[in-house]
Amino acid sequence: MLLIFDWDGTLSDSTSKIIRCLQMAAKSASQRVCSDEAIMNIIGLGLPESMRVLYPELSQLQQDEIRHCYSEHFIREDQTPSPFFDGVHEGLHYLRQKGHLLTVATGKSRKGLDRVFTNLQLHDFFHGSRCADETASKPNPKMLSELLDEFALHKDDAIMIGDTEYDMSMAKQLSMPRVAVSYGAHSIDRLQAFEPVICVDHFSEFVEWVVKTY
């Protein structure tokens, strides 16, 4: 199976870092500071899309300033990589050993994802990836379509695993099977509206389900 993972909030416990850095960025740019809840709502989107949701009243120049400040803060904070959620490291290695293709579809930039891969020594671990700044941002399903094309697979041979409604939405648009995790940015009630095949509270539950089902 082609397993397509969201990164932040699904594999990486980075939600608090994203919130903190966006709030520091707003202060650095002398703009209003968004609440934790508001920022959690946009996790998964690309940065330009996130700025338009969080700061619709600001000009493009002002939004770009916040983006620039966010990148500076996040790069500095991310020198210490966010940890994987419990069970992710072991689970990913087990799934890879079983022959599954492991890929990432993320709202991160390519530079940001590559930095994480380098810091975690994972550059040769995942079979493929797509980032928001090299294709359409979630919830547009283009990154999923591109991964299917890259591996010459049908949507029924792939699973999208994510913690936000943006992950669920782009998979549902392609009628691709999707798995929701309850421990990320969006509440499980929001994710269930997109009819995931299963909702899990721990990554090991997902691994067990894949092994039994495929």
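## About the model

Residues are numbered from 1 along each chain as its sequence is written, and side-chain values use heavy atoms, with hydrogens and water left out. Because the model is predicted, local features need pLDDT of at least 70 and side-chain atom pairs count only at pLDDT 80 or more, while totals for chains, interfaces and linings use all residues.

## The sheet

Let us begin with the strands (DSSP runs of E, at least two residues; helices are runs of H or I, at least four residues, and both are numbered from the N terminus). Six of them form an open sheet with parallel pairing, in the order β3-β2-β1-β4-β5-β6. At the edges are β3 and β6 (198–200), each of which pairs on one side only. Two strands count as paired if DSSP finds at least two bridges between them. On average, neighbouring strands here are turned by 20 degrees against each other, direction ignored.

Next come helix α1 (residues 15–28) and helix α4 (residues 60–77), whose axes come within 8 Å and cross at roughly 135 degrees. Axes are lines fitted to C-alpha atoms, for helices over the stretch in contact, and angles run from 0 to 180 degrees between N-to-C directions. The two helices are therefore oblique to each other; angles under 35 degrees count as roughly parallel, over 145 as roughly antiparallel, 65 to 115 as roughly perpendicular and the rest as oblique.

Residues of α1, including Ile18, Leu22 and Ala25, meet residues of α4, among them Ile66, Tyr70 and Phe74. Contact means heavy atoms within 4.5 Å. By class, this contact has 10 nonpolar, two polar and three charged residues; Ala, Val, Leu, Ile, Met, Phe, Trp, Tyr, Cys and Pro count as nonpolar, Asp, Glu, Lys and Arg as charged, and the others, Gly among them, as polar.

## Buried places

In helix α6 (residues 110–119), the residues Gly112, Leu113, Arg115, Val116 and Phe117 are buried. Buried means under 20% relative accessible area, exposed over 50% and partly exposed in between, with a 1.4 Å probe and protein chains only. Their cover includes α4, β2 (101–106) and β3 (128–131). Just after α6, Gln121 takes a positive phi of about 55 degrees.

Thr164 sits in the loop between β4 (158–162) and α8 (165–173). Thr164 is buried, with a relative accessible area of 0%. Leaving out residues up to four places away in sequence, Thr164 touches Ile43, Ala185, His186 and Leu191.
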